2 protein chains.
Amino acid sequence: LPLSEFDLIAKHFAPMAAPGGLGLLDDAAILALPRGAELVISKDMLVETVHFLPDDLPGVIAAKALRVNLSDLAAKGAKPLGFMLGLAKPKTLGDDWLAAFAAALKDDAETYGCPLYGGDTVSTEGPLTVSITVFGAVPRGRIVRRLATEAGDHLYVTGCIGDSALGVTMRYHPDAPWIAKLSAEHRKWLADAYLLPWPRNNAAALIQRHARAAMDISDGFAGDLTKMIQGAGLGATVELAQVPLSPAVLAAVALDPALFETALTGGDDYEVLMAVPPENASATESDFAALSLRLTRIGVAGLKGAAVRFLKADRSEQHFAKMSFRHF
Amino acid sequence: LPLSEFDLIAKHFAPMAAPGGLGLLDDAAILALPRGAELVISKDMLVETVHFLPDDLPGVIAAKALRVNLSDLAAKGAKPLGFMLGLAKPKTLGDDWLAAFAAALKDDAETYGCPLYGGDTVSTEGPLTVSITVFGAVPRGRIVRRLATEAGDHLYVTGCIGDSALGVTMRYHPDAPWIAKLSAEHRKWLADAYLLPWPRNNAAALIQRHARAAMDISDGFAGDLTKMIQGAGLGATVELAQVPLSPAVLAAVALDPALFETALTGGDDYEVLMAVPPENASATESDFAALSLRLTRIGVAGLKGAAVRFLKADRSEQHFAKMSFRHF
């Protein structure tokens, strides 16, 4: 006998419920905002075959669904408060699937300090669809906006770019010649990067303190950078040789140079791109270093109306066939 | 050429964006909470064929998706602040469909004072899925909970029960003999009730002032009342003869008495069920009357551990084969 929605909530979701959030069995939840804070809200929806693959494990899907939302909070400099879960579930996914999904979600809810406030679970005859709305807090008036870069700002990126893009390429084109030539460790690194992002919430306080503008990179480094800079009406110069790449991506690109473009435009990085005023640059670098958080300066924002240019080491311009991956 | 997600947002969704909400093109939104207020959040997800039918018009689907969420706020005594929209859209639905969807959503956003803060639009190979998270405000500590009824509380319901349940029955069983015998006006009344609910947000302030507990009726009057009362550990006596029915439902029940059970258990009413302390009863009734809002006393909450009993006019107990409609 399938569980009723009430029983399902009590069994699987109550263990990760926020204290004081009305306990999941009400029509709504209450969320308390810290004193002097402003509420930051983000919503990312994940659909099977579009954002994850049918054979991905339930725990991986759950964690990814929450983490891509947490990544948006990190980019805004916000601290997680909690989330609402919308789950449209095919009837073929039974109680074991749900138990694994919920267990992983609970782990991440604890890790990131982001408990469940409520939500809705419904049946679908279509693909599994996970719709999470996440809540965070920033000091009032201190959210880091996407479209606030100014000319002369230094452009930084957290972590490394392109691991996930090569990981998903491996899933879709498993017979590509470069894959077999890569070491097993590098293959696993790339595959894992696609499965599960590591949002940069541990850098959120520094982003909030130092960045003038920021966004998380979800649709590809080149395209997202262009959106952030052009959206502010500016140009930029990006030094492609500076873009941080993992040993796995470097090894793959050495085997097949076309993968460089894939890495820079492929999406699902969930790193944060920041525009930092020049006077904050050295403090930014030392604060990230003090926390052992990787941060790389990759360019500078140019003047109003200028172009966004991606420069190779020989100062010639690189043009990408496709700037970003569109989930839409 | 299909619109990019950016263009789509600018064209269809920007016109209903909340001022000060970052303007939809950021990773996240900012929501300001009125002074002294507490944030109320609710999320209802609607899936084609489960919550609406494939030939429903885009404007009807949009309005229903927002209104079922607004109904949750009404039941909590909360005033709408805004919403986040998650839309998983089959590629077969083009720009005209989206324009109609957005236009209806904008109308309701204005009518209910509930602007758009942000969201996510994604592609799906499955059924259209709309996931809305709605935000509201109540004075701090004054949310009306679902599971707070006390013994002796009067039980009230807004509006009428069962119109939508008979409306959807007409859709699924168009050849049922009673339908042809009903007047055209009554048929339209029932069909419209299923298509588009009218959430009781205009009663929210009175609910907040007078009710000890409340919930909106989405899964059937009998089942939802039982959930609310049993969830508080109580029993109740409900006078079935008092349950408010529209002329259309009365006419249908006269043609086919089995429809009475359908009306009371069929769901999608989006009326509010309230438990009111006896000392508030007369003020509640006169305040609703002053605003010309229909309110009917349908029973009383009984003692701890007692049963929830539905009594017919002859004082015999009515047992329902199925207490509620499960969307899940």
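**Exercise 1.** In what order do the six strands of the open sheet in chain A stand, and which are the edge strands?

*Solution.* Start with the terms: strands are DSSP runs of E with at least two residues, helices are runs of H or I with at least four residues, and both are numbered from the N terminus. Two strands pair if DSSP finds at least two bridges between them. In this predicted model, local features need pLDDT of at least 70, side-chain atom pairs count only at pLDDT 80 or more, and totals for chains, interfaces and linings use all residues. Residues are numbered from 1 along each chain as written, chains are lettered from A and ligands numbered from 1 in the order written, and side-chain values use heavy atoms, without hydrogens and water.

Now read the order in chain A: 7-9-6-10-8-11, with mixed pairing. Strand 7 (213-217) and strand 11 (308-311) of chain A each pair on one side only, which makes them the edge strands.

**Exercise 2.** Find how strand 8 of chain A is joined to strand 11 of chain A.

*Solution.* First, recall that strands of a sheet pair through backbone hydrogen bonds, either parallel or antiparallel. Here, strand 8 (residues 234-239) and strand 11 of chain A run parallel, with four bridges between them. Next, pick one residue: A:Thr237 has A:Arg309 as its bridge partner in strand 11 of chain A.

**Exercise 3.** Turn to chain B and locate the bridge partner of B:Val238.

*Solution.* Strand 8 (residues 234-239) of chain B pairs with strand 11 of chain B in the parallel sense, over four bridges. Look in strand 11 of chain B, and you will find that B:Val238 is partnered by B:Phe310.
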